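Try each task before you read its solution.

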Amino acid sequence: MADRLSQLQDAIDQMATQFFSALRYIGTHHDAVPVGNEAKVELARDLIFKSKQIEFLITSLPGIGVSEDEQQERLKSLETELKEAEEERCRAVQEREEAAEKLDAVIRRLRRF
């Protein structure tokens, strides 16, 4: 899943496209045939839905509605998680190297036969 900022950018792009499409549709069909209320309602409903989606994405961005202390605490927590993940990665690399050395030793013994 894309991060929140990418989702927000996509939603804003989609809303701009919807605005353009709605205005073009109304402009194209206005002179020749009156646009029915149901088409206008559908266009308005789509725009309202998209604006609510954008509002939700904005409120879910990190840092919005979160105090500075909470942000600092979260950053410290993330730093701790990162250090733990790095230590685990280093252990895994070490285990892989040890396993590769053992495998190499076994292959050398098998070549002797």
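## Exercise 1: The overall fold

Read along its sequence, the chain follows the pattern α-α-α. Keep in mind that this is a predicted model.

**Task.** How many helices and strands does the chain have, and what share of its residues is buried?

**Solution.** 
- Step 1. Count the elements: there are 3 helices and 0 strands.
- Step 2. Turn to burial. Buried residues make up 11% of the 113 residues in the chain.

## Exercise 2: The annotated region

**Task.** Which residues does the UniProt annotation "coiled-coil region" cover, and what are the helix and strand contents there?

**Solution.** 
- Step 1. Go to the record. The unreviewed UniProt entry places the "coiled-coil region" at residues 68–103.
- Step 2. Check the model over residues 68–103: the chain is 100% helix and 0% strand.
- Step 3. Look at the two ends of this stretch. Their C-alpha atoms are 52 Å apart.
- Step 4. Find the element by name. Helix H3 spans residues 68–112.

## Exercise 3: Salt bridges

**Task.** How many salt bridges are counted, and which residue pairs with Glu 86?

**Solution.** 
- Step 1. Apply the cut-off, a Lys or Arg side-chain nitrogen within 4 Å of an Asp or Glu carboxyl oxygen. The count comes to 2 salt bridges.
- Step 2. Take Glu 86. Its partner is Arg 89, with the closest N and O atoms 2.8 Å apart. Both residues lie in helix H3, 3 residues apart, about one turn of the helix.
- Step 3. Take Arg 108. This residue forms a salt bridge with Asp 104, at 2.8 Å from N to O. Arg 108 and Asp 104 also lie in helix H3, 4 residues apart, about one turn of the helix.
- Step 4. Compare with the surface. Arg 108 is exposed at 52% relative accessible area, while Asp 104 is partly exposed at 31%.

## Exercise 4: Surface patches

**Task.** Which residues form the negative surface patch, and which form the nonpolar one?

**Solution.** 
- Step 1. The negative patch consists of Glu 68, Asp 69, Glu 70 and Glu 73.
- Step 2. Asp 69 lies in helix H3. Its relative accessible area is 63%, so Asp 69 is exposed.
- Step 3. Val 106, Leu 110 and Phe 113 form the nonpolar patch, with about 380 Å² of accessible area together.
- Step 4. Leu 110 lies in helix H3. At 57% relative accessible area, Leu 110 is exposed.

Note on methods:
Residues are numbered from 1 along each chain as its sequence is written. This is a predicted model: local features need pLDDT of at least 70, side-chain atom pairs count only at pLDDT 80 or more; totals for chains, interfaces and linings use all residues. Side-chain values use heavy atoms; hydrogens and water are left out. UniProt positions are given in the numbering used here, feature names are shortened, and annotations may be inferred rather than shown by experiment. Helices (H or I, at least four residues) and strands (E, at least two) are DSSP runs, numbered from the N terminus. Patches are made of residues with over 30% relative accessible area and no salt bridge: like charges are joined within 9 Å, nonpolar side chains (Val, Leu, Ile, Met, Phe, Trp, Tyr) within 5 Å. Accessible areas come from the Shrake-Rupley method with a 1.4 Å probe; for residues, only the protein chains shown count as cover. Buried means under 20% relative accessible area, exposed over 50%, partly exposed in between (1.4 Å probe, protein chains only). Lys and Arg count as positive and Asp and Glu as negative; His and the chain ends are not counted. The place of a charge is taken as NZ of Lys, CZ of Arg, CG of Asp or CD of Glu.
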